[in-house]
Amino acid sequence: QDAEAYTRMRAAALERYGLSILDGALAGCSLNEGLDVVELMRNIHVLAAQFSYNMHQQMFAHAANQGEPKVRTITLEHMSASVQMHGTGIINTSVNYTVGFLRRKLEIVVQFLADEGVRSRLLADRQWLSSSGAAGRYTWARAAETARAI
């Protein structure tokens with residue numbers, strides 16, 4: 001009954017205000033469709049790039065669904081069922097995969113920041129911030145200028 005009311009409200013918002021509102025009730029995938037912790041850890045780069053985290057519903061939602069009618073989600077229930085299926089040893093493996101992925105990403109950030117052009121620009125911005133009367137404020141315009149320079 002609520003779903004019908006929400007559908008009518010979405011239609012009214014589109015008709016009256018031209019707002020296209022997404023359906024709030026996302027249908028999740030099940031483990032029967034092949035989604036489990038092992039697959040996520042093998043393809044953690046895909047999880048990081050294509051899924052977004054919904055803090056209110058405590059789930060990951062596929063952000064790049066490319067016109068698919070259903071949105072893939074990963075919920076706590078999926079994780080729990082996967083741990084029950086594979087055993088608790090999967091947790092240690094998952095943590096190791098995640099740490100390795102984050103280590104590689106942080107190494108890229110460190111290499112970027114170590115670049116002389118980037119480093120000199122950031123040091124110049126630090127000096128500008130401390131010497132100018134900006135009262136500790138880094139303006140949006142200055143950030144955009146720095147991004148263009150880098």
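Helix H6 passes helix H7 in a right-handed crossing, meaning that the near helix is turned clockwise from the far one by less than a right angle. The contact (heavy atoms within 4.5 Å) is made by Arg121, Ala124, Asp125 and Trp128 of H6 and Arg142, Glu145, Thr146 and Ala149 of H7. By class, the contact of H6 with H7 has three nonpolar, one polar and four charged residues. Here Ala, Val, Leu, Ile, Met, Phe, Trp, Tyr, Cys and Pro count as nonpolar, Asp, Glu, Lys and Arg as charged, and the others, Gly among them, as polar.

This is a predicted model, where local features need pLDDT of at least 70, side-chain atom pairs count only at pLDDT 80 or more, and totals for chains, interfaces and linings use all residues. Residues are numbered from 1 along each chain as its sequence is written, and side-chain values use heavy atoms, with hydrogens and water left out.

Let's compare two helix pairs. Helices (H or I, at least four residues) and strands (E, at least two) are DSSP runs, numbered from the N terminus. Axes are lines fitted to C-alpha atoms, for helices over the stretch in contact, and angles run from 0 to 180 degrees between N-to-C directions.

| Helix pair | Angle | Axes |
|---|---|---|
| H6 (residues 116-131) and H7 (residues 140-149) | roughly 160° | within 10 Å |
| H5 (residues 89-114) and H6 | about 70° | 5 Å apart |

H6 and H7 are therefore roughly antiparallel to each other (over 145 degrees). H5, at about 70° to H6, is roughly perpendicular to H6 (65 to 115 degrees). Phe112, Leu113 and Ala114 in H5 meet Glu116, Val118, Arg119 and Leu122 in H6. That contact of H5 with H6 divides into five nonpolar, no polar and two charged residues.

How values were computed:
Parallel < 35°, antiparallel > 145°, perpendicular 65-115°, else oblique.
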